Amino acid sequence: MGSKVLRAESVLRILSLVFAAMTALLVGLDTQTKTVFFVTRTATVKDMEALWVMTVVFSVAAGYHLLHLFRCMAFTWLGKNPCDCNKFVAWLYFVLDQGSTYTTFGATMAALQAALVGLFGVGSLQWSKLCNIYTRFCDQIAGGIICGLVATLVMAVVSAISAHRLFQLYPRTRRSFPKSAGGGRLWLLF
């Protein structure tokens, strides 16, 4: 069972790496130049801070999953079981996987909010729509956000595998239920 889980984790880390790298490249390298009212203006990812943060976060996440992919490949090549590690290492992997998942989710949602402001504008603040001017820029940002959401979902599954590995290290205990005054079991309804 351990080798199947390790292979599944490797495949999921490859998917996470690919989608995180695609997100960072689609968003980070996106520029478009337009002339509006005799003024040439270039839209870049640094114009919206949330998009730049998304690029950096997904670049770091792709690197993190690349390192873990190397770890999975080394365990497979050496024939070792990664579940035999100590609790400290298991907790470290669990916290890092959870952190990367939540960070990428937060960066994706912030970029989505910034993209929606660019798409619809905010009339009360007199922020005009930008996506009717920079259409290719906005389409590429939308593709990057979709790839970011897919990468985050895959990272959530990887985090579940990490949690499973962590909690396998703790022994199962049998729960004792409190008894009622009549000698029978007290049933709790939730």
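Biologist: What makes Asp30 count as buried or exposed?

Modeller: This is a predicted model, so the value is computed. Asp30 has a relative accessible area of 0%. Buried means under 20%, so Asp30 is buried.

Biologist: Why is the pair Asp30 and Arg136 called a salt bridge?

Modeller: Their side chains meet at 3.6 Å, N to O. The cut-off is within 4 Å, so the pair qualifies. Asp30 lies in the loop between α1 and β1 and Arg136 in helix α4, so the pair ties together parts that are 106 residues apart in sequence.

Biologist: Why is Arg136 called partly exposed?

Modeller: Its relative accessibility is 41%. Exposed needs over 50% and buried under 20%; Arg136 sits in between, so it is partly exposed.

Biologist: How do you know that Glu9 is in a salt bridge with Arg13?

Modeller: The closest N and O atoms of Glu9 and Arg13 are 3.1 Å apart. That is within 4 Å, so the label holds. Both lie in helix α1, 4 residues apart, about one turn of the helix.

Biologist: Which figures make Glu9 and Arg13 buried?

Modeller: Glu9 has a relative accessible area of 2%. Arg13 has 0%. Both values are under 20%, so both residues are buried.

Biologist: What makes Arg165 and Glu9 a salt bridge?

Modeller: The N to O distance is 2.3 Å, so it passes the 4 Å cut-off. Arg165 lies in helix α4 and Glu9 in helix α1, so the pair ties together parts that are 156 residues apart in sequence.

Terms used. Residues numbered from 1 in each chain as written. Predicted model: local features only at pLDDT ≥ 70, side-chain atom pairs only at ≥ 80, totals over all residues. Heavy atoms only, no water. Helix = DSSP H or I, 4+ residues; strand = E, 2+ residues; numbered from the N terminus. Buried < 20%, exposed > 50% of the residue type's maximum accessible area, 1.4 Å probe, protein only.
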